[in-house]
Amino acid sequence: MSRREVLAPGGFGNNGAVTDEPLVLGIETSCDETGVGIVRGKTLLADAIASSVDEHVRFGGVVPEVASRAHLEAMVPTVERACAEAGVRLADVDAIAVTSGPGLTGALLVGVAAAKALTLALDRPLYGVNHLAAHVAVDQLEHGPLPQPCVALLVSGGHSSLLLVEDVSAGVHALGSTIDDAAGEAFDKVARLLGFPFPGGPHIDDSARSGDRAYVDFPRGLTSGRDMQRHRFDFSFSGLKTAVARWVEARERDGEPVPVADVAASFQEAVCDILTRKAIDACRTRGVEHLLIGGGVAANSRLRALAEDRAATAGIAVRVPRPELCTDNGAMVAALGAELVARGRAPSELDLAVNSSMSVTTVVA
Amino acid sequence: MLLLAFDTATPAVTAALHDGERVVAAATSVDARRHGELLAPAIATVLRDAGADRRDVTAIAVGVGPGPFTGLRVGLVTARTLAAALGVPVHGVCTLDAIAAAVSEPVELAVATDARRKEVYWARYRRHDASYHRVQGPAVSRPEDLARELTAALPVLGRGALLYADVLTHQPGPLDPDAAVLAEAVVRGEIELLAAEPLYLRRPDVSVPGPRKPAL
Ligand SMILES: [Zn+2]
């Protein structure tokens, strides 16, 4: 008899009781946020976050060793804060979930070791889960059961992926991803070029509000000709970033002022155009009527507006979790963990390894 | 009492349980790249081998380095989280002190572990009242600089001394810490107790970006 048959339907709760509403604690440390979330089924109880982003500002990007040190210092206080916020004791928790990849190896290791310590101390099952699948599952906390199948567009400083989600607890199908920079990375680099501090996304968004989106017609990578055959659902932002840099440098060389708001708006338009065009194309091609957008870049106002416009025209419904659930957090890991428990999926072993390049087809490691 | 001790600041992943009378279980494996995978199973193993329940643990002792950061943090976050979840105190122990605690002679010695990048973590000890007392360090140095610092061919214990036996006087003995020795030293009060804070001894390896370079 397989593990699945033993447990399904519904996982094990306290006292071994089967439950569809498990109390799950989730830990996220794949980048610079130490996140600990607690959910009961699809209900969010706590979402505690400690960010080391301020320590990375002067370096213009996340420094792995600085992030890892910060995770160690923040871990226990953040777990305690989450329990206090949720009004639960650790002993009440039914299962522990943790991001085991993809992400920064040293950072992931801190979260996974902490999750294992909780597993040992509480004698509860451990789920090492995929960060990207967690970005998808988090929407259940805000909008209820995930419409499946759906297409998920995940965009952040670390990833840019188009996924086909038929069952988030069983496996996610990768349609495409970036072949060079992540979308958020392009935002950070262009922001630096325009004189904004790290992280650059919110500054570009703000500045672009007063700019002309059609001021410069920046290139849209992988959107035409042969590229569309080979990379229909892939992204490339490296050429765009270089085009912006060349344009700005040409202006500076000529001694002309750089129209920052117009450049920001034109760059942002190019990114959002590429992302939404490909996401809608993926929905249509796969006959999918639901588009989910997640990741830190989902907070971008132009991306949301353009996606909603184009989706409405195509008869596709868009779901975007609120910004604090879009960025990396522990609640998303807990949300996926709760889904796995409720669906009776087998937990991970205590010798669980981290995997910095975990494939999105792996939901539980 | 039941003390759970472990150390991950060297290639060894070592765990032990001490009941106040003696070490009741111990498990050690050596694999510099798999601390994160090996530590939790090692703790589960010593608990099972001792027939102990996790709730019987009354204190935790953890090696706080110095040592390679990634492995070191696995031990520290495990110790801190276990201690918080079990509601027991956590003590830090200098990993180099734990290696010295495994021998009883000579009267003066140094301990060196591999700090990578052609350097060693080290400390110098003098023995009195039946235990070693750290008189210098911990610090991180190039082996040739350490050799000059120690002078007079002072015996050096540990993997760092073996690795650089061409410049340091390697003292045969344990290469890495053993949690059983660490636990025994803590129970006997023969080792200095520290906060469970990592001894990194090096700043994070980062560079502040310079002025923007042209794209071409
Ligand atoms: Zn993310």
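**Reading a zinc site and a chain interface**

With angles of 89 to 160 degrees among its four donor atoms, the zinc ion has an irregular site.

Student: What makes the site of the zinc ion irregular?
Tutor: Start with the ideal: four tetrahedral donors sit at angles of 109.5 degrees. Four donors count as tetrahedral if all angles lie between 85 and 135 degrees; four count as square planar and six as octahedral if opposite donors are over 155 degrees apart and all others between 65 and 115; anything else is irregular. Here the angles run from 89 to 160 degrees.

Student: Before we go on, what kind of model is this?
Tutor: This is a predicted model, in which local features need pLDDT of at least 70 and side-chain atom pairs pLDDT 80 or more, while totals for chains, interfaces and linings use all residues. Residues are numbered from 1 along each chain as written, chains are lettered from A and ligands numbered from 1 in the order written, and side-chain values use heavy atoms, without hydrogens and water.

Student: Which residues coordinate the zinc ion?
Tutor: Donors are N, O and S atoms within 2.8 Å of the metal (3.2 Å for Na, K and Ca); water is not among the atoms, so sites may look incomplete. Here they are His131(A), His135(A) and His159(A), each through NE2, and Asp328(A) through OD, at 2.1 to 2.5 Å. Their spacing in sequence is H-x3-H-x23-H-x168-D. His131(A) in helix H5 (residues 131-137) and Asp328(A) in the loop between helices H13 (323-326) and H14 (330-342) are 197 residues apart. Helices (H or I, at least four residues) and strands (E, at least two) are DSSP runs, numbered from the N terminus.

Student: How many residues does each chain give to the contact?
Tutor: Contact means heavy atoms within 4.5 Å. Chain A gives 37 residues and chain B gives 37 residues. On the chain B side, H2(B) supplies the largest share, 13 residues.

Student: How many salt bridges cross the interface?
Tutor: A salt bridge is a side-chain nitrogen of Lys or Arg within 4 Å of a carboxyl oxygen of Asp or Glu. The rule finds three between chain B and chain A. One of them pairs Asp123(A) with Arg54(B), with the closest N and O atoms 4.0 Å apart.

Student: Where are the cis peptide bonds that join Gly101(A) to Pro102(A) and Gly137(B) to Pro138(B)?
Tutor: In chain A, omega is about -10 degrees, and Pro102(A) lies in the loop between strand S6 (95-101) and helix H4 (105-122). In chain B, omega is near 5 degrees, and Pro138(B) lies in strand S8 (residues 131-141).
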